[in-house]
Amino acid sequence: MKQLQLDNWEFRACGDDAWRPANVPGTVHTDLLRNEMIPEPFYGKNEHELQWIDKKEWEYRTSLHLEEEWQRLAVAELVFAGLDTYADVSVNNVHVLSADNMFRAWNVNVKGLLRTGENEIRVKFRSAVNEDLPKLEQLGYVLPAPNDQSELGGLGEQRISVFARKAPYHYGWDWGPRFLTSGIWRKAMLEGRDHVAITDLYIRQNAVKQEEAGLAALVEVDAPSEWNGLLRISCAGQEWMRSVAVQSGKQTLELEIVLDHPRLWWCNGLGEPHLTAFQAELLQNGEAIAQAAVTTGLREIKLVRKPDDRGASFYFELNGVRVFAKGSNHIPNDSFPAEVTEARYRHEIASAAASNMNMLRVWGGGIYEEESFYRLCDEYGLLVWQDFMFACSMYPGDEHFLENVREEAEYNVRRLRNHPCIALWCGNNEMDSAWAHYKDNVGWGWKENYSPEIRGKLWRDYEALFHHILPEAAARLHPEVDYWASSPLRELTRDENQHATGIAGEGDVHYWGVWHASEPFENYNVKVGRFMSEYGFQSFPELKSVLGYAEESDMALESEVMLAHQKNGRGNLLIKEYMDIYLPQPKDFRSFLYMSQILQAEAMRTAIESHRRSKPYCMGTLYWQMNDCWPVASWAGMDYYGRWKALQYTVRKSYQELLLSIDGSDGENLRVHAVSDRREPLAGELTVRLQDFSGTVLKEWLQPVTLAADSAGVVFTERLADLLEGREPGRMLLTASLQADGMVLEHKRHYFVPAKEIRLPRPLLMLEEVPGSGGLSFKVSSDALARGVYLTAEEEGIFSDNFFDLLPGEIKTVEFFLRGSGEQDFIPAKPKKLEIHSMADYVEEHLL
């Protein structure tokens, strides 16, 4: 097979004379920026000034020189891995292809149109706005799409996002900007062949056990004419062969194989994510004339939903082992997806693994991610809950739309099915519970806006997509992975028990009472379901990141720029309202940035610990959200620039395999819970100390503890009144430590009152290089209680710990790691311009 990557592209607005250089893969917005035709889209309020771009039509062109040998090939196929979105392709002024789906590849045989010498390829992108406004008019009513920021785009209430098979977040979201991109957003190739070729290789995992793996190699071939020969599959020094007779055209060959004692793929925390390489070859007279290779991981993954006395379980089982899912929701890393490099993907996935996660949910309002994202999840052992790209809307149900989705689904299931990380296919985000068809006056109030006839039609269209087309594609093409119709969902009962409109004893839960309903953090302790697939709390990025999109004059909570970079309505004020409840008053806006991160981390710590304490009733916790697509105040634990917020450091501790959680939320008793995700039991000793803020131990308890494998339970209980014995709770704290074999395995602090009620001393913080470490390790200490100790360095990187508390006399050893490059994750380094602060530096002076 011959392959020629198409590059040297140019672009222009249709009707303009001048052509300018373009990047492929890329988008119109980034090409305009590189040609200095628009300002930086993410800066200030520039988003508002760039909405004209999506109203225009754009065209791209390239020329390629072909030698005469291309004329002798049987097939010459033009392959676009991604066209965004409405596109017409021509070769040498002959139209060859019209595309209308961003989420699939587009191929066309152009053999008869190519000539020896110069050839021109043009791609014209029609405006998604101009294309879809007539569809809305023809439909006669607006479909629900509350996150579509049509007003910002100058369209009033004409929400058109549902008509295009295009990334929903491009139309805006409550954390992201509205940039309706166009462009050749994935690779473009010319492929030629003159004999049979292997066009797809899938290793179907029929039954995988420690003793043996029963597999089937499904080999798709494309032959210009009939062909007879041998199919050979090889793996780890073993070979399997069969004779094949291939007809002209595409067909799938199958060969069953058995691997003895396979090296299994495990998720992070349970074992090594072993990968296994397979090769398929077509042999003629002993010579390979076509080949393909894939690398996969051998595992058995199941979603287990068994009835019990509290409803039904909802957990993942990997290779026969129950998994408590610990992770986050992933959104696209950029509003302009082609800007995301391998290094940026690696930083996100390495950060997730370093934070002790074992799962990411690829949320349904973004994109089916790049190959490198899934490959890195395979390598780092991160399970992927994969949504199809539908979110928070109701969609059309005409024949063309349904067929377009069917082809999209088949393409992406085939593309991703060899990745062992794929743990679940999910139909959509929040649509079942938002519409709530079987129960009136619940959900998001959508269906009440329509007549009974339209309501019935919209639900039939919904069922066609999510109860038929998508599950059928997943079951036929990727049978070893389960399908879940919507997140959240109780169960597909086709009655009022289907919709997850509250906390229930089955299915998965999106709990947004904290934040959207202004409920207190303490509700995280009681609002717990079987699998918490969404919940979250916002914060601002750090000062360095904010200064990347704002001027000093913009440093105010309600400034125009801060509001432009807060997409969740009154989100900035909501952060402040919660801060007034739980934290001392920050002394200025820069301090507010820091305090917002402390607040967010405390909210998520409370939630995660509650979920993990509830094991095995609750078996998964995926907070919203892992990352950002632009610099913004949001729910992310890692900002657009990849900088860890306080939340990310808190998650790292809250997701470690052994967890101590101290809970006094009932106001009468204090309980120390121990949670273990280990596959073997643990015998150790628990030390509990009541201390004052000078570090003096006032009371102490020591007791042996035995933790069963994969368990959670209370290991210490004391009445608060007996514990404090009349002491002022605002001057006390409790510490708990779990030790085994002379090592401290887990250590946790608990304050008896919110930080707002604690009068902080002004500590003297000290840094000292660890002798012999070459500056790679340093000791942090304080002469007084220091809350939220915050380390910063000039370089981009992370610390081994950050935003931690110190008692006087305590010493914390910390390391710094540069952000990796290439195939490296985090590189130990001596930080430059190391600075240290604590909460006392950020609060009003009179509160100290």
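**Charges and rings in a predicted model**

Lys-615 and Asp-677 are both buried.

Lys-615 is in the loop between α13 and β32, and Asp-677 is in the loop between β34 and β35, so the bridge ties together parts that are 62 residues apart in sequence.

How many salt bridges does the structure hold? The count is 72. Another of them joins Arg-476 to Glu-410, where the closest N and O atoms are 2.5 Å apart. Arg-476 belongs to helix α8 and Glu-410 to helix α6, so this pair ties together parts 66 residues apart in sequence. Is Arg-476 buried or exposed? Its relative accessibility is 53%, and the cut-off for exposed is over 50%, so Arg-476 counts as exposed. Glu-410, at 23%, counts as partly exposed.

Next is Arg-749 with Glu-810, at 2.2 Å between the closest N and O atoms. Arg-749 sits in strand β39, Glu-810 in the loop between β44 and β45, and they are 61 residues apart. Glu-810 is partly exposed, with a relative accessible area of 26%. Salt bridges with shared partners also join Arg-322, Lys-326, Arg-612, Lys-615, Asp-677 and Asp-710 into one network.

Now a charged residue without a bridge. Asp-174 is in the loop between α3 and β11. Asp-174 is buried and has no salt bridge.

On to the rings. There are 59 aromatic pairs. Phe-373 and Tyr-374 make an edge-to-face pair, with 5.2 Å between centres and 85° between planes; both residues are buried. For Phe-521 and Tyr-582 the centres are 4.3 Å apart and the planes are at 5°, so that pair is stacked. Phe-521 lies in the loop between α9 and β31 and Tyr-582 in helix α12, 61 residues apart. Phe-521 is buried at 2% relative accessible area, and Tyr-582 is buried at 10%.

Ring pairs also link a cluster that includes Phe-390, Tyr-395 and Trp-459. Over the face of Phe-390 lies Arg-165, 4.0 Å from the ring centre. Likewise, the charged end of Arg-787 sits over the ring of Tyr-751, 3.7 Å from its centre.

Methods: Residues numbered from 1 in each chain as written. Predicted model: local features only at pLDDT ≥ 70, side-chain atom pairs only at ≥ 80, totals over all residues. Heavy atoms only, no water. Helix = DSSP H or I, 4+ residues; strand = E, 2+ residues; numbered from the N terminus. Buried < 20%, exposed > 50% of the residue type's maximum accessible area, 1.4 Å probe, protein only. Lys, Arg positive; Asp, Glu negative; His and termini not counted. Salt bridge = Lys/Arg side-chain N within 4 Å of Asp/Glu carboxyl O. Phe/Tyr/Trp six-rings, centres within 6.5 Å; stacked < 30°, edge-to-face > 60°. Lys NZ or Arg CZ within 6 Å of the ring centre and 35° of its normal.
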